Amino acid sequence: MAEGAGAGPRLAELLAAGRRLWEEVETGAEPSSGAPAVQDKVRQGLDALQRAAAMVAQLDLFSENEELEEIASADLKYLLLPALLGALTLKQVDLSRRLEHLESARAHFWRFLTLCRSYRLGSFHLPPAASPPAEEDAGSPSPGGPAAAQPSLVAMASSRQAKIERYKQKKELENRLASMRTFVESGQADEDQIREFYILQIQKWINTSLEEIESIDQEIVILRSRGTAKQPSAPPHGTSRQVRAPLKPFILTRDAAQAKVFGAGYPGLPTMTVDDWYEQRRRQGVVSGQSAPQRTPGITDEELQKQQQEKKEEEDDEEALQKARNWDDWKDTHPRGYGNRQNVG
């Protein structure tokens, strides 16, 4: 077991640099965590903390087989390395690697909680090592009905109460740490006070890690669900989309015999186009070959109908003009009141 002096000043400097960069990012005045200056601090902080964690592992400072009293007071602060790594990992904003960052941060927080649990630092329920799969749906109905759903309601109430207790503990710890920070950092505190100060910091980060893991698990489920929804559902191999044959029109009458006698009850369904009808009538000799409207190549039925309507309107206009002229001529030769015999004595 290496003592605090054995850890060396370089390790202490790396931890201090990483923690200072995390505090600057956490309480910075930048409007967005994605600003280049903020992300530079995140990368520098992660680099310092990762180098410090590698040195701690090389020095074998902590072991799950030892007691808390066996750890030197100056070494207690290095227990915070995994929690600080998790907190800074969450500050990365690369959306294409968001799921990877969430899983990495969760692993750091879980490692920190495991160490604290082994040293009996706080009383808490250790979350599972892996995040929940996307298939879990907390809002799905229980197969056992309301009776089976009752334990879930109890668990929700218990979880809510645990959050309230953690929040109260966190505020109390922050107040105690604020009152001790200046005294410890100025070098005026003795070993017992330094030990208490670091243990309070560890207990505060236990509450933070539990909250972060809960939030991470919720976001991971959402991201995995979105990834599953974006995958296109390919048709089975070797099958192709079959072209559906057009449905034959049907009539809404009681039977076929009634339909033949009374009809369908509404205008008949079209069975041929206008051009087909003209061609059929021409073959029967009812109309001449020139009776069908001549279609200009490339003209649609709608355009042809529009041309015919315009031609009809022109003919109507000429007929109305001729009637108006005839009326004027008649008035010239017949005085007003001509033919009125009603008042003749």
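**A nonpolar core and a buried arginine**

In this predicted model, the largest nonpolar core comprises 54 residues, among which Phe62, Leu79, Phe112, Leu121 and Ile206 touch the most other members. Six helices each supply at least two residues of this core: H1 (4-26), H2 (36-59), H3 (81-89), H4 (98-118), H5 (146-185) and H6. The biggest share comes from H6, which gives 11 residues.

Spanning residues 191-230, H6 contains arginine 195. This arginine is buried, yet arginine 195 has no salt bridge. Its nearest side chain of opposite charge belongs to glutamate 191, 5.3 Å away, and a salt bridge requires a side-chain nitrogen of Lys or Arg within 4 Å of a carboxyl oxygen of Asp or Glu. Leaving aside residues up to four places away in sequence, the contacts of arginine 195 are Leu68, Glu69, Ile71, Ala72, Ser73 and Leu76.

Stepping back to the whole protein chain, the fold has nine helices and zero strands, so the order of elements from the N terminus reads α-α-α-α-α-α-α-α-α. Of its 345 residues, 26% count as buried. Among contacts between residues at least 6 apart in sequence, 68% join residues at least 24 apart. The protein chain exposes about 24700 Å², with carbon and sulfur atoms supplying 52% of that area.

Conventions:
Residues are numbered from 1 along each chain as its sequence is written. This is a predicted model: local features need pLDDT of at least 70, side-chain atom pairs count only at pLDDT 80 or more; totals for chains, interfaces and linings use all residues. Side-chain values use heavy atoms; hydrogens and water are left out. Helices (H or I, at least four residues) and strands (E, at least two) are DSSP runs, numbered from the N terminus. Buried means under 20% relative accessible area, exposed over 50%, partly exposed in between (1.4 Å probe, protein chains only). Lys and Arg count as positive and Asp and Glu as negative; His and the chain ends are not counted. Contact means heavy atoms within 4.5 Å. Accessible areas come from the Shrake-Rupley method with a 1.4 Å probe; for residues, only the protein chains shown count as cover. A nonpolar core is a set of buried Ala, Val, Leu, Ile, Met, Phe, Trp, Tyr and Cys residues joined through side-chain atoms within 4.5 Å.
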